[in-house]
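Please keep the structure in view while reading.

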Amino acid sequence: MDLKNVFDNNVNWIKEKLGTDAGFFDNLGKGQNPELLYIGCSDSRVTAEDLMGLGPGEVFVHRNIANMVISIDLNVMSVVNYAVEHLKVNHVVVCGHYACGGVKAAMQSADLGILNPWLRNIRDVYRLHRDELNGIADEEKKYDRLVELNVQEQCVNLIKTAAVQKAYRDRGLTVHGWVFDVHTGKLIDLKIDFEGILRHIMEIYHLD
Ligand code: CO
């Protein structure tokens, strides 16, 4: 890849934006007011704004390996806190994707160094859903299902946070679990039962 292309692309992108809206960058410079926090995988094929057809200013984004929401990860927790309490987003999305290398790595027994503690969180998802997953004979289907269950458990991790619980109570913020199918380009809503999960775990995790 010639990185010079990146800067040429940027010049063209500026022209294109100003061509449709002369005040585009003046508005962008004034600040941001996104309604959506998107937490997705770092995978280069899953491009956040592009696949949702959203532009600059419309979505606050956090990406890490296998779209994890880990309570002691200062990075993701800072993003959630800032987006929910300061930007006051009304929707938080965890978006996984089929053919996720992070999820696949967690299903194997290899020692992956620094990735071990990160991927262990996905092994915990497997353990929580072991009966269902062990009942799936087809390895590809099992892997797809683990991608979905991982999204669901990361949504549960969001629901455990004080910021999300308060924002739900104060302004009806909701959490959504999605999966991107890299084979078709389709974005799928897993329709996780946000309020059901909230009711089910509040007895243990309520913080306000
Ligand atoms: Co991935």
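The model is predicted, so local features need pLDDT of at least 70, side-chain atom pairs count only at pLDDT 80 or more, and totals for chains, interfaces and linings use all residues. Residues are numbered from 1 along each chain as its sequence is written, and side-chain values use heavy atoms, without hydrogens and water.

**Cobalt site.** The cobalt ion has the protein donors C41 (SG), H97 (NE2) and C100 (SG) at 2.0 to 2.3 Å; donors are N, O and S atoms within 2.8 Å of the metal (3.2 Å for Na, K and Ca). Their spacing in sequence is C-x55-H-x2-C. C41 in strand β1 (residues 36-41) and C100 in the loop between β3 (91-97) and α5 (101-106) are 59 residues apart and link distant parts of the chain. Both C41 and C100 are buried (under 20% relative accessible area, with exposed over 50% and partly exposed in between; 1.4 Å probe, protein chains only).

**Salt bridges.** A salt bridge is a side-chain nitrogen of Lys or Arg within 4 Å of a carboxyl oxygen of Asp or Glu. The count comes to 8, including these:

| Pair | N to O distance |
|---|---|
| K4 and D8 | 2.9 Å |
| R145 and E148 | 2.8 Å |
| R169 and D170 | 3.3 Å |

R145 and E148 lie 3 residues apart in helix α8 (residues 139-159). E148 is buried at 16% relative accessibility, while R145 is partly exposed at 24%. Together with E132, R145 and E148 belong to a network of salt bridges.

Definitions and conventions
Helix = DSSP H or I, 4+ residues; strand = E, 2+ residues; numbered from the N terminus.
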